[in-house]
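Colleague: Before I use these terms in my notes, I would like to know what stands behind each of them. Could you show me the model and let me ask?

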Amino acid sequence: MDIDSRFKGRDLVSILDFSRQEIERLFEVADEMEKFAKSGKEVLKDRIISTLFFEPSTRTRLSFETAMIRLGGHVIGFADPSMSRTVTGETLADTIRMVDSYSNVIVLRHKIEGSARLAAEIAEAPVINAGDGSQHHPTQTLTDLYTLRREFGGIDGLKIAILGDLRQTRSASSLAYGVSLFHGVKLYLVSPEPLRMRQEITDHLKSTGVEYRELTHVEEVLPEVDALYVTRLQKERFADPQEYERLRGSYFVTKKMLERARRGMIVMHHLPRIDDIPLEVDETPFARYFQQAAFGLPVRMALLSLIVQ
Amino acid sequence: MTQRTNKDQRQTSKQDARKTLIEISGGKTPYLLSILKDQTPYVRATVQWKDKDVLELPEELSEETLTKIKLLEPRALIYFVSEDGKAYEKTGILEEGKWIEGRIIYCPNKNCVTAQPKEPTRPKFKVVKKDPLILQCYYCGRYIDHSAIVAQISQL
Ligand SMILES: [Zn+2]
């Protein structure tokens, strides 16, 4: 079967739903879509995307909606959780059934874990998980992997440090799953002890042969890494505020800290940043988070063009 | 029990013909009895052997009950004794990589879609490890360790 036809009608709940080969094909299509990110390419004329954001995420939603409009399609949905609450006097299952009857693809963001899996079981139309719970955010990961590939020509063998709250941040877990599809990636998982990556994910890394090391301070590995993936450390996650104050210095990436980074290293962030990357870093040669965010559009255009019938 | 022949007369008791034997470490017996509460009146004998209890039940147990017993104590040994008196061990109830489906246990993650009372989900878990037992929820991906499983099952 030709590889493009394998995508038609497929759900994307976890990044592991795709094979490496499929991800590489999607990236080839994304390369092409970069040309059309501003002008558009009407391959999904009259198709409808439903964006159901039960949890707010302006960035992800706008990226999906722009992607659909650039492909010539239409957008319905809701972005405001208070609006969704009025919808959800009914169950998620019923909302999905209703929306399924007039959508060609459904994008779902929900704080309840596993809701995208349930939606995918119910809907005829393909369901794309735009983030549920603390483990999965596959389109963020596709964007992250695409950024790494654009920067380094490939993903195999890269050394990547993921920094911050690795227990709750779905982009971090999802990226760890994503790199397990490639060869020889080394991960440095940098977090405070109580916010270590969940065992579900580190077990997956072990079983797929991904070398990883857990540590608390990024400074010691900074000279080695190709990419520093920053996630935000939230004060609320700490039982002891003093512990937070003691550790925060290691989790805010400063220009000074980056003096130890090797040439060609890139700093990534899924955005929005709050104070975890100060403005001074923007002007360094390491900053790549704005390009990374921009790649979200061609990547989502590629995904939609491949899976929507 | 309809196909009785004269051969059965050699057995000590006709009612003993088909039965289940469960060999379990002594400390787990009260939990086991809580799972078997519907059948408890029929538990015929509890034989103590070293630190083990051997329970005898006068019938074959359902897959669901067998699964619960193994979830409670993965090292428990379960034997079926057929009408001709031959005992064979019931294996393959819990195997790594196998899925457990149905309303046998529930995901303790309150943020899991299976914990939302109105959503039409059916609990489904993968056996990640047998000893010590770890299950993984199909929906939220969270691990459930053995102590959480025991706490849940023995409350039922
Ligand atoms: Zn669950």
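Modeller: The questions below go through domains, interfaces, salt bridges and accessibility.

Modeller: This is a predicted model, in which local features need pLDDT of at least 70 and side-chain atom pairs count only at pLDDT 80 or more, while totals for chains, interfaces and linings use all residues. Residues are numbered from 1 along each chain as its sequence is written, chains are lettered from A and ligands numbered from 1 in the order in which they are written, and side-chain values use heavy atoms, with hydrogens and water left out.

Colleague: What makes domain 1 and domain 2 of chain A separate entries?

Modeller: The bounds come from an automatic or database domain assignment. For chain A that assignment gives domain 1 as 3–136 + 296–308 and domain 2 as 138–293. Their C-alpha centres lie 25 Å apart.

Colleague: How do you know which residues of domain 1 and domain 2 of chain A are in contact?

Modeller: Contact means heavy atoms within 4.5 Å. On that rule, 33 residues from domain 1 of chain A and 33 residues from domain 2 of chain A take part.

Colleague: What does the buried area between the two domains of chain A come to?

Modeller: The size of an interface is often given as the accessible area lost when the parts come together. Buried area is that loss, taken with a 1.4 Å probe and summed over both parts. For domain 1 and domain 2 of chain A the value is about 2600 Å², with 60% of it on carbon and sulfur atoms.

Colleague: Why is the pair Asp156(A) and Arg20(A) called a salt bridge?

Modeller: The term needs a side-chain nitrogen of Lys or Arg within 4 Å of a carboxyl oxygen of Asp or Glu. The side chains of Asp156(A) and Arg20(A) meet at 2.7 Å, N to O, so the pair qualifies. Across the interface of the two domains of chain A the rule finds four salt bridges. It also finds 13 residue pairs in polar contact there, both residues at pLDDT 80 or more. A polar contact is a pair of N or O atoms within 3.5 Å; within protein, one must be able to donate a hydrogen and the other to accept it, and residues adjacent in sequence count only if both atoms are side-chain atoms.

Colleague: Which element gives the most to the side of domain 1 of chain A that touches domain 2 of chain A?

Modeller: H2(A) does, with nine residues. Helices (H or I, at least four residues) and strands (E, at least two) are DSSP runs, numbered from the N terminus.

Colleague: How is the pair Glu245(A) and Arg248(A) placed in its helix?

Modeller: The two are three residues apart in helix H10 (residues 241–251) of chain A, and are therefore separated by about one helical turn.

Colleague: Why is Glu245(A) called partly exposed?

Modeller: Buried means under 20% relative accessible area, exposed over 50%, and partly exposed in between (1.4 Å probe, protein chains only). Glu245(A) has 41%, so it counts as partly exposed. Arg248(A), at 30%, is partly exposed as well.

Colleague: What makes Glu23(B) buried?

Modeller: Glu23(B) has a relative accessible area of 15%, which is under 20%, so the word applies. Glu23(B) lies in strand E1 (residues 19–25) of chain B. Among the residues it touches, not counting those up to four places away in sequence, are Trp49(B), Lys52(B) and Tyr79(B).

Colleague: Which parts of chain B does the pair Lys130(B) and Glu95(B) tie together?

Modeller: The closest N and O atoms of this salt bridge are 3.7 Å apart. Lys130(B) lies in strand E7 (residues 124–130) and Glu95(B) in the loop between strand E5 (87–89) and strand E6 (99–101), so the pair ties together parts that are 35 residues apart in sequence.

Colleague: What is counted between the domains of chain B?

Modeller: Chain B is divided into domain 1 (2–89) and domain 2 (99–155), and the count between them is one salt bridge. Arg75(B) and Asp131(B) form a salt bridge, with the closest N and O atoms 2.8 Å apart.
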